[in-house]
Amino acid sequence: MKDFLRYLPHTEEEGLQMLETIGVKRIEDLFEIVPKEQRLSKPLDLPGPLSEPDLIRHLQGLRSPILSSFLGAGAYHHFIPAVISAMTSRSEFYTAYTPYQPEISQGTLQAIFEYQTLMCQLTGMEVSNASMYDGASALAEAVLMARRITKRRKVLLSGAVHPEYRRVVQTYVDPDQGEIALVPYNEDEGRTDEKALLDLLDGEVSAVVVQSPNFFGVVEDLHPIAQKVHEKGGLMIVGFSEAIAYGILKPPGAVGADIVAGEGQSLGIPLSFGGPYLGIFTTLEKFVRMMPGRLVGETLDLNGKRGFVLTLAAREQHIRRERATSNICTNEGLCALMATIFLSCLGREGLREVAVMNLSKAAYAKKVASEISGCRPVFSSPTFNEFVLRMDRDPREVLDRLKEKGILAGLFLGRFYPELDHHLLVTVTEMNTKEEIDRWAETLERALR
Amino acid sequence: MRNIKDTGLIQEEPLIFELGRQGRRGYSLPRWDVKEAEPTDLIPSTLLREEWEGFPELSEVDVVRHFTRLSQWNYGVDSGFYPLGSCTMKYSPKVNEEVARWSGFAGVHPYQPEDLSQGILRLMYELEGFLAEITGMDHVSLQPAAGAHGELAGMMMIRAYLQARGERRKKVLVPDTAHGTNCSTSSIASYQMVEIKSNEKGVVGPEAVASEMDEEVAAIMVTNPNTLGLFEEHLKEIAEIVHRKGGFVYCDGANLNALMGIVKLGDLGVDVVHLNLHKTFSTPHGGGGPGAGPVAVKKGLAPYLPIPVVEKVGETYRLNEDRPQSIGKMKAFYGNFGVLLKAYAYILSMGSEGLRRVSEMAVLNANYLMKRLKGHYFLPYDRPCMHECVFTDRFQERFDVSTLDIAKRLIDYGFHPPTIYFPLVVKGAMMMEPTETESKQGLDRFIETMIEIAREAEENPELLRQAPQKVKVRRLDEVLAARKPKLKWTGEK
C-alpha cells in the first residue's frame, strides 16, 4: 500500500523525534503559516501510488511501435554507440547540477570545455557556449543577439529554414521591438532565393538567417550571401538541423558566419519524440560578451594546476538580472555530454565516414526514386541526406498506403508549405539499409500506380 | 620519470584532445551496402570541407577511461547530501531512467503519424492533467524546456492577452527575493522591472504591492514559497490587489516541493505558474539540464498557450496546431518528452498520498535543520520555514571567515555546499534545501559537520580559508578566467 515509501527514508519514530526537536506536535503544525482556509481539505485527485513492477507494466502499454522510417526534418535516426549511454548513465554526471562549486564539479566542467572546443571545430567558429535548449531556440537567441550587437530592428529569415525554427524565432521577437521579413526559396533550386534576398537587404538589417543544409536537405551557398550582408553592416547567422552534414560540408565559420546556431540531436542523442535535444551556439570572439548561455573557461588553482570554472557570468541572469543577455539558466548539459562522447568516439575520420555514408545512401534512394513513374525528385541544388519528391497522387494517401506496409515513407510538406501539397521530404541515414531503401521504393511504386 | 605523481585515485586526466594517436578509431558503422559516393561528384568542391582542426582520434577504451575519470571528479545526488537551495536536489528514481531508454519511447520520431503515438500522447495528456490538479490551474503546456523557458512562455501569454485587448502595459513587479531569471525574463518579454521590497518578515507585504500597482503593470512575478524558504502568506490578498487593476499574478513554481497536497497555487489567485520537473518531480539535473518547465494557466489565458496542445477527442489523442491566438512555439516539436516521461512515472509512483508526504517530509527536514543549526549560524528570519532555510556568516565574520570559506570547508567533509550568496537580500547567505529524500542520519551527519565547522572557524580559521584541500583542484582563480577568457583548447601551453 505504501509503495511510495521506497523513496522516503523517514520512519514514523524518526519523524516524531524530529518534530520534538523542532518543538511541534504534529506534522500539520509545520504548515501553520498557511492560512487555514487556503489549506486543502481533501486529497489531490491523482492515480497511484504504483509499485515499480506495476509502473513498468503500465508504461509498457504506452510505447510506440518502431517502423522502417524515412523521417527526418530536424530529428534524425543515427547510430548511437553503446559507450554514450554507458558513460552518461554514471550518476556522478547525471545527478549533479550546474557546476557552481568548481572543486567538486571538474568532471562536468572539463567535459563542457571539451564540448565547447569540439563545437568550435565542427562549425569553424571561435567560441561556443555550454548549450541551449534546442536548435530552434538557439536560432531565436542568435537573432536577439544580432539585434543587441547591431542595434538594428530587422531580420531576414530564409523560407528554407525549418518551419518550426521560424515559428520559434517569431515567438521570441516581440513585434514592437523587431521585424521579421521572409526571404522566399527558389522554386527550381530549393535554395534561398538570392535575388529576393538582395532586394530586401538594406542598412536596416541586423542579420540574415540561412540554414544549411536547409529544410529541404539542400546545401546552401552561404559565402556570397555572407559577403553581401557584411557589405550592408549586418550579421550572417547560419542555422542547421543536421550536424552530421558538417563531416563533409565546409563549416559556416569558413564562409563568413558571425553566429552559428543549430541542432545537435544527430550527435548521439535519441529521438525521444522531439526532446530533450541540444542547441549548439557558436560565434566570434569579439562577440563573446554579448552571448547568451553559460561558458566554461580554463584557469589555475591555488597550486598553479589547470582547472575549469564557469566564467564571464556577468552576462547572465543570476548576476546581471534584468540586464542579462538571456534568461537561460538550466540548459542541456547531459545532451552536450552525449555529443562530446559521440564526437570523441567518431573522431575526424568517423564523422567524415558517417557523413559520406548518409550522402551515399540518400543519393542511392534519390536515384531509385527518380526511376519510379508518378514521382520525381524536385530542386536542382545538391542535397545531403534529405531530398524532396513530387508525386502525382496526394502524398497523404501514399503515406497511408506505405504505413500499412510498416514504412514511414517521409514527411508531407503541405503541412508546412501549402504550395508543396504534392511533395514529400525523404530522409535517408546510415541506418537505412539498401534492402530497406529498395523495399521503400518498390512499395512507393505500387502505391503510385 | 619526473612527471609520474602519486595522486592515488584522484588521477590526472588530460583533455581529450591531448590523448589519442593518429589512426586510432573508436567507432564502427553499418556495413557499406550501396556504392560509396565521392562527395565532389554530388556537391561542388567549394562547399566541401577541406581541413579539420584538432578533432580527437581515440579508441573506445580511451574514451571510456577518459569519461569515467571525469565522472569521478564530480559530485551528484547519488554521491551524497546535496543541499543546494532552490534547486531541490532530491533522489532520481532509477526505474525512470530505465524506462526513458526503451526504444518505444527513446526511438520514436516526433513526426511519426499520431495513430502510432497514442500511448505517448496519452502520457502527455495525463501529465498535463496531473500538473493542473497539483497546482489548481486549468490548462498546462508541457513545451518549455526549463524553468526560465516556462517563465518566458508565461510572460508572453500575459503580454498576448493584454495586447489582444489593446492594452500596452509596460511594467512587471518583482520582489527583491526573486530568482535572477524572473528579472531577465520580464525584460526579454519587453517589460520594465519594478522591484518590490520584502518586509521585515521576509515576505511581500500587500501595502508594498498596492503602492506600486497601477494600470501600467502587466503582472507581478512571485515565488512561493520564496527564496528565503518562507510562505508568501499574503499572496491571496496581493492577487486581489493586482487583479483589481487588471494585472496578472505569475508564480515561479521552482519551490513547489513544499506545497503538494497542502495548498493549491491556483486557489491563491495565481494566474500562471511554471514548474521545474527536474526539481519537484525528481527528474535528474544532468549537470545543468535537460530539465522541463511546463507552464500552467487559468482558463482565460488558455487560448494563448504554445502550440501544439494535446487534445482528447473521444478515445483518440491528437496534437492541435490550429490555435490562432497562441503565442507560437517555444521550441521545435513538443517539449522535452524524455524528461516528461520521468516526471509522469514519478507522480504515478507517489500518488496523492505520496506527494503530500513528499512535501511534509521536505518541510520537516528543513525545519529540523534550521532548528539544530540555529545558534551556531545566524538565522536572519527566525520563523518557521517551508522546504529550505537561509543562514548567514554573521557569527563567523569576526574570525574573518566568510560564507565561501564555510562552503569550501564542507567539501573537505564530503558534502556539496548549499547555495551561497543568494538570495541577494541577505548578506552572506547560505541557502539550504535538504529535500525529503535525505534521511535523519544523513541530516544529523551534516548538522554535526556544520557545528564542527563553526568551531573550526573560531579555533582554526585558516583551515576554512585554505579549504578545500581534499580535492583534485584547490580554489580556482575566477578573476584570471574572466580577464583572459580561454574558452577552448588550442594546443598552446
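Q: What does the secondary structure of chain B come to?
A: Chain B has 15 helices and twelve strands. Keep in mind that this is a predicted model.

Q: How compact is chain B?
A: As compact as a globular protein of that length, because its radius of gyration is 26 Å, close to the 23 Å that the globule rule gives for 493 residues.

Q: And what does the C-alpha trace of chain B span along its principal axes?
A: About 70 × 70 × 45 Å.

Q: How many of the residues of chain B count as buried?
A: 58% of the 493 residues.

Q: What about contacts in chain B, how many are between residues 24 or more positions apart?
A: Take the contacts with a separation of 6 or more. Residues 24 or more positions apart account for 71% of them in chain B.

Q: Switching to chain A. Which domains does the assignment give?
A: Domain 1 covers 3–54, domain 2 covers 68–76 + 348–448, and domain 3 covers 82–342. The centres of domain 1 and domain 2 of chain A, taken over C-alpha atoms, are 55 Å apart.

Q: How many residues of chain A are in contact with chain B?
A: 160 residues of chain A, and they touch 164 residues of chain B.

Q: Which helix of chain A gives the most to that side?
A: Helix H11 of chain A, residues 333–370, with 21 residues.

Q: How do the residues on that side of chain A divide?
A: Into 79 nonpolar, 50 polar and 31 charged.

Q: New topic: sheets. In what order do the four strands of the open sheet in chain A come?
A: E11-E12-E15-E14, with antiparallel pairing.

Q: Why is one side of E11 and E14 of chain A left without a neighbour in the sheet?
A: Strand E11 (375–377) and strand E14 (411–412) of chain A stand at the edges. Each has a single partner strand, so one side of each has no neighbour in the sheet.

Q: How many bridges join E12 of chain A to E15 of chain A?
A: Five, between residues 386–391 of E12 and residues 423–427 of E15 in chain A. Among the pairs, A:Arg390 stands opposite A:His423, and A:Leu389 stands opposite A:Leu424.

Q: And how many join E14(A) to E15(A)?
A: Two, and these strands run antiparallel. Here A:Leu411 faces A:Leu425 of E15(A).

Q: Is E15(A) mostly covered or exposed?
A: Mostly covered: five of its five residues are buried.

Q: Which residues point which way from E15(A)?
A: A:His423, A:Leu425 and A:Thr427 point one way, while A:Leu424 and A:Val426 point the other way. In a regular strand, side chains alternate between the two faces of the sheet.

Technical notes: Residues numbered from 1 in each chain as written. Chains lettered and ligands numbered in written order. Predicted model: local features only at pLDDT ≥ 70, side-chain atom pairs only at ≥ 80, totals over all residues. Rg over C-alpha atoms; globule rule 2.2 N^0.38 Å. Buried ≥ 20, exposed ≤ 12 C-beta atoms within 10 Å, placed from the backbone. Contact = placed C-beta atoms within 7 Å. Domains from an automatic or database assignment. Nonpolar A, V, L, I, M, F, W, Y, C, P; charged D, E, K, R; others polar. Pairing = 2+ DSSP bridges.
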